[in-house]
Amino acid sequence: MRRRILIATVAALLASAAGPTLASAQPLWWVAVGGQAAVETGRLADEAGTEGGGLVGGGVYLARLGPVRLGPEAEASGGALHADLGPVSDEVTVWRGRLGVRAVWWPPGSESRLLPYLRVGAVYRADRGDLIEDDGFGWYVGGGLDVRVAPRWAVGPFLTYERVGLSIESHTLLLGLRLTFWP
Amino acid sequence: MTPLSRRRVLAGLGGIVVAGCADRRRSVTGPEAAGGDLAFNVHPLGGRFEALQRDALRSLAAPWIRVTLGLVSDTDAARPYVRMGASVLGLVADFHLGPIDARDWPDLVEATLRRYPQVGRAELLNEPEHFNGLSPGRYVQEYLRPGYERIRERSPGVAVVAAAPVGDRKAGPDRFRRMTDAGADEFCDYRAVHVYFDDDRALSAFAGSTGRPILVTETGSQTPGQQVRWYTDVVPRIRQALGAELIFWYVLLESAGLAGGTVAYSYPGSSVIAAVPDAAGQPQAAPGSGLYPLLAGRRLGRRR
């Protein structure tokens, strides 16, 4: 198994170095950057406004189930929101770390420019402001669509829903745009 | 420091009796509602919040308020609230937390009460172990006793309330008993407790640890959706278990800016009213809470 992974990695690196076509490039790993807006849909919305921020992430495709490629993903993001705390307000920085699994629809030899994916995992969120200090763990589920614009590049929207056990459980919908690169 | 304990900084809390201020011992328990009449902790917020809170207190007909008087900072902040014509449980503490020089303490108490002659009962510090770094024994000997003696000497009409320890079910009863062991009952007219738990054994521990009448100077729920249940289900049991003459809800309108540190998002959830008035300019319920309309409506019903 390890040998197969090693061979696949070497093959992917060689292929990418050679400038693969859309059809031939099925890389082993990816990195991404993006921007996102987060909207609270639960009780926390009484206090937390819409959040804007950026993210960086990456992952590895470790397995294939038919047309689906599976693997772990990790992501870190930072954002800012305005918190209405009644008589006072606060500008809050929101940090997130995600660890999960991503499944992308990418059949062998596919020439499709569209790569839809689903993802699920665990998230840690920490909010810090002059007045607010809150953090907690939770889960997320989401999906997106990578549109391949070049052999190694894709850009596309994503939608994620997460719940985090802050002092008031957050129910957050995150909508964003991600730029993905396959080395 | 937990969000709940930070919340209890109580930079401003107080009590006013809307009626019957001459009789500090009268019971405010009403038979018409399960939770009975509620007194309120009030942060002495200025600006637009002053009128908002005063209107709300009138609507609630709060029998008492408990308000921080300030020792050296914002010493006039509570003035608009204590002038509402009701009796006041004044919290003799400062808005800035930290150590207080024991040598200055009696003079600070005297000056504070002189500034606020409306105060009928004076609570000497708030959760002193937590906010002032005082052990129960040191609080009683170096602060409660000198403060009590100074009040007896210079303001004999003011009843003295010993500070409540932290309001959790484990530490609270133990610290309360340690205060008693240090002689707290000898240097006060009332003992205060904070009850942020629903535990009959802990309440019994409080009741069995003092010979003085008990005032619940803080209770309530940080979850807006639980406030009505806390009032209708828990408050009556607290009142009965402790024989408490007065129960102060924490808090009319919370302000994270007075917490003395960072807080969690749930911190303002103890508010009973929203920070903004309704379209008619009147106080309205805090988001998710039904307590304000319940209490204000009950008062209107009694008037009819």
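So, the crossing of two helices in chain B: α4(B) passes α6(B) in a right-handed crossing. Keep in mind that this is a predicted model.

Where are these two helices? In chain B, α4 covers residues 105–115 and α6 covers residues 136–154. Two packed helices are described by the angle between their axes and the distance between the axes. Here the angle is about 45°, and the axes sit 9 Å apart. Angles under 35 degrees would count as roughly parallel, and 65 to 115 as roughly perpendicular, so α4(B) and α6(B) come out as oblique to each other.

Okay, which residues meet there? From α4(B) we have B:W105, B:P106, B:V109, B:E110 and B:L113. Across from them, α6(B) brings B:Y143, B:P146, B:G147, B:R150, B:I151 and B:R154. If you sort that contact by class, you get seven nonpolar residues, one polar and three charged.

Now let's zoom out to chain B as a whole. We've got ten helices and nine strands in chain B. The chain has 304 residues, and 53% of them are buried. And what about contacts along the sequence? Take the chain B contacts between residues at least 6 apart in sequence: 73% of those join residues at least 24 apart.

Last thing, the place where the two chains touch. How many residues does each chain put into the contact? Chain A gives 16 residues, and chain B gives 18. On the chain A side, the residues touching chain B split into nine nonpolar, two polar and five charged.

Conventions. Residues are numbered from 1 along each chain as its sequence is written. Chains are lettered from A and ligands numbered from 1 in the order in which they are written. This is a predicted model: local features need pLDDT of at least 70, side-chain atom pairs count only at pLDDT 80 or more; totals for chains, interfaces and linings use all residues. Helices (H or I, at least four residues) and strands (E, at least two) are DSSP runs, numbered from the N terminus. A residue is buried if 20 or more other C-beta atoms lie within 10 Å of its own, exposed if 12 or fewer, and partly exposed in between; C-beta atoms are placed from the backbone. Two residues are in contact if their C-beta atoms, placed from the backbone, lie within 7 Å. Axes are lines fitted to C-alpha atoms, for helices over the stretch in contact, and angles run from 0 to 180 degrees between N-to-C directions. Angles under 35 degrees count as roughly parallel, over 145 as roughly antiparallel, 65 to 115 as roughly perpendicular and the rest as oblique. A crossing is left-handed if the near helix is turned anticlockwise from the far one by less than a right angle, and right-handed if clockwise. Ala, Val, Leu, Ile, Met, Phe, Trp, Tyr, Cys and Pro count as nonpolar, Asp, Glu, Lys and Arg as charged, and the others, Gly among them, as polar.
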